[in-house]
Amino acid sequence: MMRKSYYQKLAFMVTLLTILLAYQKYTSREKEPFPDIKFITSSSNSANLSDFDPNTLDKEQWQKLGFSEKQTATILKYKDIVGGKFMSKEQLKKCYAISDEKFSELESFILLPEIAEKGNSKGFNTFGKKEIIISGKFNPDRFSANDWLKMGFSEKQAEAILKYRNYLGGSFISKEKFKECFIISPENYIKLEPYLLLPAKTPESFQNSAKNNTVKKIQYRSFDPNQLDLEGWKTFGFSEKQAITIINYRDRNLRGSFKNPEDLQKCFVISAEKFQEMKPYIKLQEKQQEKTDFSKTDLNTITFRQLIEFGLDERSAGSMIGFRKKLGGFINKQQILSTYNIDQDLVQKLISIAPLNSSDVPRYSLVDAPEEWLKNHPYFKYSADKIIFYRISNPDDRKIWKLLKLKPEYEERMRLYVK
């Protein structure tokens, strides 16, 4: 009996040891390393970048910025998801197809506020969620902005829909083309589709005729891209924003001039097809650049190229021009020294030489200042809502100043731009 008990205990110990060894072997087994997730990034295009609005870029233009085809599709899909428009840099950065490294490369060129304003963010949150009311079948070609508003679209959405219709030549042509309007979400299209009085398919002749019409409207002629102004670029078929981007690219990135036609081709808003159309007409003229007399150059009109000529680097020159633009012009030279990211010593030398004429800088009373000006001006935007509210019941500048209760230094700089 004792022998039997002994063997039972021995068998139990062997079994227990076997289980422990098997468990140790399993837990100590090397795990296969999980592959790192890496964003696919192209070689840096920062040398060819200029200011751009990410809401206006198409598939080809995103790819020119260095994104792959899949990344581009993701970015455009993300834009649709957030309501068809990026409201801030912060929001764009959240798109997982844009790595932190790539965003840092692009950030200084993005024409968006850092963070969406409170008013805009409220409107954004309800974008696409507002109930669309359809009373019956309708022809969208006959709808005015007011008709779209009644249906439940916002004012900006209605405006965008009409612009898209005009782009197509005044008619949506078909349900297919109507569906391509980026401002109309897939969800809303599904609701609208049964009520649209439009053909289901786009006629085969539409695209060809549209291309022919576009070609006929543009009359190319020999031109020097270094001499072309905003209107000149627009006559070649570019939108105003595209024209501004080309000019900024020339003046900021290339320090004022295209050295050869290939420099023009590198500007991301000019497609390869468009460049080939223009190339035979490009005539670059060599000219000797006159030296700037900085003792006669107004600091409110000095150009990016002239600042580079004086010795500022691109970052300092861009910051100074950008800050001046936001202010509407400098009132005194001390403001220039308060600009971020500038070479203080070099700028101090410049302002000691160059004059400052502030006679053309916009100034308003608090009662009469336009709302848009108040909300965008660096000195007023944080008090804009209060000013707008107070002046309704107190249309007197002195009373408004008292109600604002500002720190003396804030009030002092605001008063620079008040009549």
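## Nonpolar patch

F12, M13, L16, L17 and L20 make a nonpolar surface patch of about 510 Å². Patch members have over 30% relative accessible area and no salt bridge, and nonpolar side chains (Val, Leu, Ile, Met, Phe, Trp, Tyr) are joined within 5 Å; a salt bridge is a side-chain nitrogen of Lys or Arg within 4 Å of a carboxyl oxygen of Asp or Glu. Areas come from the Shrake-Rupley method with a 1.4 Å probe. L20 lies in helix α1, residues 2-28. Helices (H or I, at least four residues) and strands (E, at least two) are DSSP runs, numbered from the N terminus.

## Basis of the model

The model is predicted: local features need pLDDT of at least 70 and side-chain atom pairs pLDDT 80 or more, while totals for chains, interfaces and linings use all residues. Residues are numbered from 1 along each chain as its sequence is written, and side-chain values use heavy atoms, without hydrogens and water.

## Helix α8

Helix α8 (residues 155-167) has 13 residues and spans 18 Å from first to last C-alpha, close to the expected 18 Å, which is 1.5 Å times one less than its number of residues. G169, with a positive phi near 105°, follows α8.

Buried residues (under 20% relative accessible area, 1.4 Å probe, protein chains only) in α8 are Q157, A158, A160, I161, L162, Y164 and R165. Their cover includes α7 (145-151) and α9 (175-179).

## Whole chain

The protein chain has 23 helices and 0 strands. Of its 419 residues, 39% are buried. The accessible surface comes to about 27,300 Å², with 53% belonging to carbon and sulfur atoms.

Terms used. Buried < 20%, exposed > 50% of the residue type's maximum accessible area, 1.4 Å probe, protein only. Contact = heavy atoms within 4.5 Å. Patch = residues over 30% accessible without salt bridge, like charges linked within 9 Å, V, L, I, M, F, W, Y side chains within 5 Å.
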